[in-house]
Amino acid sequence: MKITRIAAYQVDLPLHEGSYKWSGGKSVEVFDSTVVRIETDEGLTGYGEVCPLGPFYLPAYAAGARTGIAEIAGALIGEDPTQLGRINQCMDRVLKGHPYVKSPLDIACWDLLGQVAGQPVCHLLGGRYADDFVLYRAISQQAPEAMAANVQGYRDEGYRRFQLKVGGDPNEDIDRIRAVANLMEPGDKLIADANTGWLMHEAARVVRGVRDIDVYIEQPCLEYDECLSIRRRTDHPFVLDENVDGIGMLMRGHADQAMDVVNIKISKFGGLTKAKQARDLCVSLGIAMTIEDSWGGDIVTAAIAHLAHSTPTEHLFTATDFNSYVTVSIAAGAPQRSNGRLAASQQPGLGIEPHLEVLGDPVVDIH
Ligand code: MG
């Protein structure tokens, strides 16, 4: 099988809540997503998606994804999309770095591999564990009472894991964590995610200020060494996210005992192929994972579902269903949250069928 054409589409994804706010005053109202379509000489078509969390979060931005796809696509024409190692080597040979550019291309090739094999992607990624898996809900940064009200509402919808967007004023963050902790019931899990937003003195005050609370602390500071310093001053379970972008950081973090849980965002690693490598390493090392992406719509949610559902249940800390946050559906067949849980499609490939009228005309078209 050979790739004959690669197209990319731009899609706006507004939010049900109107906006999403996190540390340092960062905020997004409409997410700018990019869908990739790969056509082959055998008539099969694969899809992928990448959606950075705005241009100011990770070193990734939506227009850059589309520019990068146009840069790489020519080298992939004529390649066999089912040979994922070769596909990734080809992408790395023609463009150094820029993993988020490669992620939707890699996901689209997995979609094709699944269709060729007649298997859902999660089977090819290792197998389907249990009937479904647990989701968390990200709680946009607001005043403590408003965040508590949101947690109550999402708890009523079935979520049992809540990731509070903190990383603001330390005193107010302590109030945020305390306000929500009061709502937690046995079996619930609470994560305070600072998204790199605290300086070390602020993080030190927050972890001390919530010492009596059962809460996970996620990525308190910008740099790895700063996070490690806080990790060594607290007995809260500890999650690293933004700093973990590849095998090297996982190995370093493991050697330093720097975290109990890591957050694996598919596009931060460069696609399902490399995220699977990281996932499998974490399973071997006994590190639990949040499996997700920076943001996305139905196709990113499908990709997350296949990687999360193929992760041993005891190692899957939680995962995300971005398609329930946004108001626009870009594909039929995407997994839909039920009672705070999600399941990967049973159909071959990703199991999604894009709404072509929503995608519109391609903004990149290489053949
Ligand atoms: Mg995080």
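This is a predicted model: local features need pLDDT of at least 70, side-chain atom pairs count only at pLDDT 80 or more; totals for chains, interfaces and linings use all residues.

Colleague: Which residues is Ile177 in contact with, leaving aside neighbours within four places in sequence?

Modeller: Leu164, Val166, Leu190, Ala192, Val206, Val210, Ile213 and Val215.

Colleague: What makes a set of residues a nonpolar core?

Modeller: A core is a set of buried Ala, Val, Leu, Ile, Met, Phe, Trp, Tyr and Cys residues, joined through side-chain atoms within 4.5 Å. The largest one here has 117 residues, and Ile177 and Trp295 have the most contacts inside it. Its largest share, 9 residues, comes from helix H3 (residues 99-117). Helices (H or I, at least four residues) and strands (E, at least two) are DSSP runs, numbered from the N terminus. At least three residues of this core come from each of domain 1 and domain 2. Apart from it lies another core of 6 residues, including Tyr216 and Phe317.

Colleague: What are the bounds of domain 1 and domain 2?

Modeller: The assignment gives domain 1 as 3-118 + 354-362 and domain 2 as 124-351. Such bounds come from an automatic or database domain assignment. Taken over C-alpha atoms, the two centres are 22 Å apart. The contact between them takes 43 residues from domain 1 and 47 residues from domain 2.

Colleague: Why does Thr301 count as buried?

Modeller: Buried means under 20% relative accessible area, exposed over 50%, and partly exposed in between (1.4 Å probe, protein chains only). Thr301 has 0% relative accessibility, so it falls in the buried class. Thr301 sits in helix H12. Not counting residues up to four places away in sequence, Thr301 touches Asp321, Phe322, Asn323, Pro335 and Leu342.

Colleague: And why is Asn339 called exposed?

Modeller: Its relative accessible area is 55%, so Asn339 passes the mark of over 50%. Asn339 lies in the loop between strand E15 (331-332) and strand E16 (341-342). Its phi is near 55°, a positive value in a residue other than glycine. Most residues other than glycine have a negative phi. Gln257 also isn't a glycine and has a positive phi, of about 50°.

Colleague: Which residues coordinate the magnesium ion, and what makes them donors?

Modeller: Donors are N, O and S atoms within 2.8 Å of the metal (3.2 Å for Na, K and Ca). Asp193 (OD), Glu218 (OE) and Asp241 (OD) coordinate the magnesium ion at 2.1 to 2.3 Å, so they meet the 2.8 Å limit. Water is not among the atoms, so a site may look incomplete. Asp193 lies in strand E9 (residues 189-193) and Asp241 in the loop between strand E11 (238-240) and H9, so the pair ties together parts 48 residues apart in sequence. Both Asp193 and Asp241 are buried.

Colleague: How do you know that E1 and E4 pair, and in which direction do they run?

Modeller: Two strands pair if DSSP finds at least two bridges between them. Strand E1 (residues 3-14) and strand E4 (residues 30-40) are joined by 11 bridges, so they count as paired, and they run antiparallel. For instance, Ile3 stands opposite Thr40 in E4. E1 also pairs with E18 in the antiparallel sense, over 3 bridges, where Ile6 stands opposite Ile366.

Colleague: What is the strand order of the open sheet, and which strands are the edges?

Modeller: The order of its 4 strands is E5-E4-E1-E18, with antiparallel pairing. Strand E5 (45-50) and strand E18 (364-366) are the edge strands, as each pairs on one side only.

Terms used. Residues are numbered from 1 along each chain as its sequence is written. Side-chain values use heavy atoms; hydrogens and water are left out. Contact means heavy atoms within 4.5 Å.
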